[in-house]
Amino acid sequence: MPVEIVMPKLGLTMTEGLIVEWKKKEGDPVKKGDILFVLETEKVTYEVEAPEDGTLGKILVMEQETVPVGAVVAYLLKPGEAAAEVVAAPAAAPRAEAASPAPAAAPAAQAVAPPAGGRVKATPLAKKIAKEYGIDLSLVAGTGPGGRVMREDVEKAKAAGVKPPATATEAAAPTTAPSAEDRLVAFTGMRRTIAKKMLQSKIEAAQTYMSNTVDASKIQQYREELLPFVEKKYGVRLTITDLMMKITGAALREHPVINTRWTDKGVLYLSDVHMGMAMALDEGLIVPVIKNINAKSLGQIAQERTALIKKGKTNSFLPDDIKGSTFTLSAMGMFGIEQFTAIINQPENAILGVAAIIDKPVVVKGQIVIRPMMNVNLSYDHRTIDGAEAGKFMQTLKAFIEEPVLILA
C-alpha cells in the first residue's frame with residue numbers, strides 16, 4: 001500500500017504548514033532520507049525527508065498551498081506499486097479529517113484553501129469591517145487562536161491609524177516610476193510575522209524606554225579569565241552576549257516584575273526566565289530561546305547559543321526553538337552600534353538592547369580616564385512596569401555588569 005506523506009507537526013503549537021517547494025517530482029525515485037519538500041510555518045522553514053525508499057507518487061498539495069498538520073500531501077510508492085493504486089487507496093482521506101479536529105461540516109476543499117488575503121487568518125466579521133475601513137488585514141496583529149485576526153484587532157488597528165492599502169489609482173500612478181533595476185520581493189511568512197508582531201507591539205503596549213551607560217571593564221576581564229575553561233570543557237567560545245544573558249537573567253530574578261506578561265485578567269508573573277536572543281537571518285529576524293537560563297552555567301549558555309546559531313544558519317529551527325521566551329535580549333555590539341532601542345517581543349513586557357563596548361573618556365575619582373563603556377537600553381510596557389521598578393532593575397543590572405562576580409552571591 002502506498003505510504004502517506006503528511007504535513008508533520010513540528011511543535012506543540014503548530015496547526016498548519018505551507019509547502020514552499022517540492023524537491024522531488026512525481027515519478028522520481030527517492031531514497032530514505034532524501035528531501036521531499038520544504039515547508040514553512042510562521043517563522044521557520046523545514047525540510048521533510050522521505051521515510052523510506054520508493055517512488056514519489058501522486059502529489060496532492062502544490063507549492064504555496066497551506067494545509068493542516070496531519071494532512072496527506074503526497075504518496076510514496078513502494079517497489080511494484082503503481083500510481084493508479086493511489087487513487088483507490090482508502091488512506092487518501094480528506095485533508096480536513098487528517099488534520100483533526102475539524103468540524104464535520106467543513107469540506108476538505110475548504111480546509112486546504114489558503115485564507116483570504118494570502119496567509120492572513122481572520123474571522124468573517126473582522127474581514128468585513130476591515131473592508132469597510134479599508135484596512136489591510138496583513139498589517140493587523142491577530143489575538144485570536146493561532147493568531148487569527150478578530151473584530152477587536154481591526155478596531156484597534158483603526159484607532160491606531162493603520163493606513164489602508166494603496167488604491168488602484170494610487171498604485172497605478174506612483175510618485176516615482178520604478179526603474180528597470182527596481183525589484184519587488186514578495187512577502188515571506190517570516191516577513192509577514194515580523195511585520196505583525198512589530199506593529200502589534202507598538203499598538204498594544206505602552207512602550208517606554210530607559211538607558212544607562214556602564215563600565216564594561218570587569219565583564220571583559222571576567223570573560224578573558226573564563227574563556228579557556230569554557231572552551232576546554234564545552235568546546236565553544238564564551239562571548240559578551242553569553243555573559244549579558246546570564247547577568248540579565250540574574251537581574252530579572254531580583255526584579256520579577258520585569259519578567260511578566262500583561263493579560264486580560266491581570267499581570268502574569270513568570271517563575272522561570274526563558275531568555276530570547278534576537279538573531280538576524282538573511283530572511284529576517286528571529287528569536288531563539290534558551291530555557292531556564294538561571295539554572296545554567298555560562299558554559300551551557302554558550303553551548304546552547306552556539307547550537308541555536310548553527311540551526312539558524314542551516315535553516316533547521318524547530319518551532320519549539322523559537323517559542324516560550326519570557327524576556328528578550330538584543331545585542332548589536334558586533335555592528336559597533338553605540339545606542340539603540342528595541343521593540344518589545346510580544347507577549348513579553350520588556351526587552352534589553354545591548355550596544356557595543358567602546359573606549360570612552362570618563363571621570364573616575366576626579367580624573368579623566370579611558371574606560372570600555374557600554375550602553376544598555378530597556379524598553380518596557382508601562383502598563384505593567386512602573387518607572388521606579390524599571391530603574392531598580394537597571395540599577396541592579398549595572399551593578400552586575402560592573403561586578404560580574406555579584407551574580408554568584
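Analyst: Asp 381 touches Ala 205, Ala 206, Ile 344 and Asn 349. Contact means heavy atoms within 4.5 Å, and residues up to four places away in sequence are not counted here. Asp 381 sits in strand 18, residues 367-381. Strands (E, at least two residues) and helices (H or I, at least four) are DSSP runs, numbered from the N terminus. With a relative accessibility of 0%, Asp 381 counts as buried. The cut-offs for relative accessible area are under 20% for buried, over 50% for exposed and in between for partly exposed, with a 1.4 Å probe and protein chains only.

The model is predicted: local features need pLDDT of at least 70, side-chain atom pairs count only at pLDDT 80 or more, and totals for chains, interfaces and linings use all residues. Residues are numbered from 1 along each chain as its sequence is written, and side-chain values use heavy atoms, with hydrogens and water left out.

Thr 326 is another buried residue, at 4% relative accessibility. It lies in the loop between helix 10 (298-313) and strand 16. Its side chain makes a polar contact of 2.7 Å with the side chain of Asn 259. Such a contact is a pair of N or O atoms within 3.5 Å; within protein, one must be able to donate a hydrogen and the other to accept it, and residues adjacent in sequence count only if both atoms are side-chain atoms. Beyond four places in sequence, Thr 326 touches Asn 259, Leu 270, Asp 272, Val 273, His 274 and Glu 348.

Now the aromatic rings. Searching the whole structure gives two aromatic pairs. Rings of Phe, Tyr and Trp (its six-membered ring) pair if their centres lie within 6.5 Å; planes under 30 degrees apart are stacked, over 60 edge-to-face, and the rest tilted. Trp 22 and Phe 37 form a tilted pair, 4.9 Å centre to centre, with 50° between the planes. Trp 22 is in strand 2 (residues 16-22) and Phe 37 in strand 4 (residues 35-40), 15 residues apart. Trp 22 and Phe 37 are buried. Phe 327 and Phe 393 are also tilted, at 6.3 Å centre to centre and 55° between the planes. Phe 327 belongs to strand 16 (residues 327-331) and Phe 393 to helix 11 (residues 387-402), so this pair ties together parts 66 residues apart in sequence. Phe 327 and Phe 393 are buried too.

Four strands make an open sheet in the order 5-4-2-7, with antiparallel pairing. Strand 5 (45-49) and strand 7 (66-68) are at the edges with a single partner strand each, so one side of each has no neighbour in the sheet. Neighbouring strands are turned by 40° against each other on average, direction ignored. Axes are lines fitted to C-alpha atoms, for helices over the stretch in contact, and angles run from 0 to 180 degrees between N-to-C directions. Strands 2 and 7 are antiparallel and joined by three bridges. Two strands pair if DSSP finds at least two bridges between them. Glu 16 stands opposite Pro 68 in strand 7.

Another open sheet has four strands in the order 1-8-6-3, again with antiparallel pairing. Its edge strands are strand 1 (3-6) and strand 3 (29-30), each pairing on one side only. Strand 6 (residues 54-59) and strand 8 (residues 72-77) are antiparallel and joined by three bridges. Ile 59 has Ala 74 as its bridge partner in strand 8.
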